[in-house]
Amino acid sequence: MFINSEKTNKKVRENMHIAEYKINKDFSGSLITLNGKHPRIKNRMEDRIYFIISGKGKFTVGDQVHSVKSEDLVYIPKMTEYEMEGEMKYFLISSPEFNKDNDIFV
């Protein structure tokens, strides 16, 4: 089944651009370009899956550093502290749907 989801484009910081696709209250997806560092966060409600489309970088999950490259998949459960950096394009799936108010910057 194809769903014509609601799409929004935004530049959230100087080094990050997001095209967000709202699917329903259970899922959303975002196509993101990151050039630099995303600060350390945790999310109170969402499990997140990052699929790296192109580029490379690293995710720091808790105290562990993981190098990532094209076609890698990263799973971040809710309430897990993480940060990322690099030059990459990735697709993020959030469940339930993304809500910026659930992000806690640490």
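**Exercise 1.** State which residues serine 94 touches, leaving out residues up to four places away in sequence.

*Solution.* Contact requires heavy atoms within 4.5 Å. On this criterion, serine 94 touches Asp26, Phe27, Ser28, Glu46, Asp47 and Arg48. The model is predicted, local features need pLDDT of at least 70, side-chain atom pairs count only at pLDDT 80 or more, and totals for chains, interfaces and linings use all residues. Residues are numbered from 1 along each chain as its sequence is written, and side-chain values use heavy atoms, with hydrogens and water left out.

**Exercise 2.** Determine whether serine 94 is buried or exposed, and locate its strand.

*Solution.* First, the strand is S7, residues 82-95; a strand is a DSSP run (E, at least two residues), numbered from the N terminus. Next, buried means under 20% relative accessible area, exposed over 50%, and partly exposed in between (1.4 Å probe, protein chains only). Serine 94 has 1% relative accessibility and therefore counts as buried.

**Exercise 3.** Classify arginine 40 as buried or exposed, and describe its surroundings.

*Solution.* First, arginine 40 lies in strand S3. Because its relative accessibility is 18%, arginine 40 counts as buried. Next, apart from neighbours within four places in sequence, its contacts are Thr60, Gly62, Glu81, Tyr82, Glu83, Ile104, Phe105 and Val106. One of these, isoleucine 104, stands 64 residues away along the chain, with 8.6 Å between the two C-alpha atoms. Finally, the side chain of arginine 40 reaches the backbone oxygen of glycine 62 at 2.6 Å.

Notes
Helix = DSSP H or I, 4+ residues; strand = E, 2+ residues; numbered from the N terminus. Polar contact = N/O pair within 3.5 Å; in protein donor to acceptor, adjacent residues only side chain to side chain.
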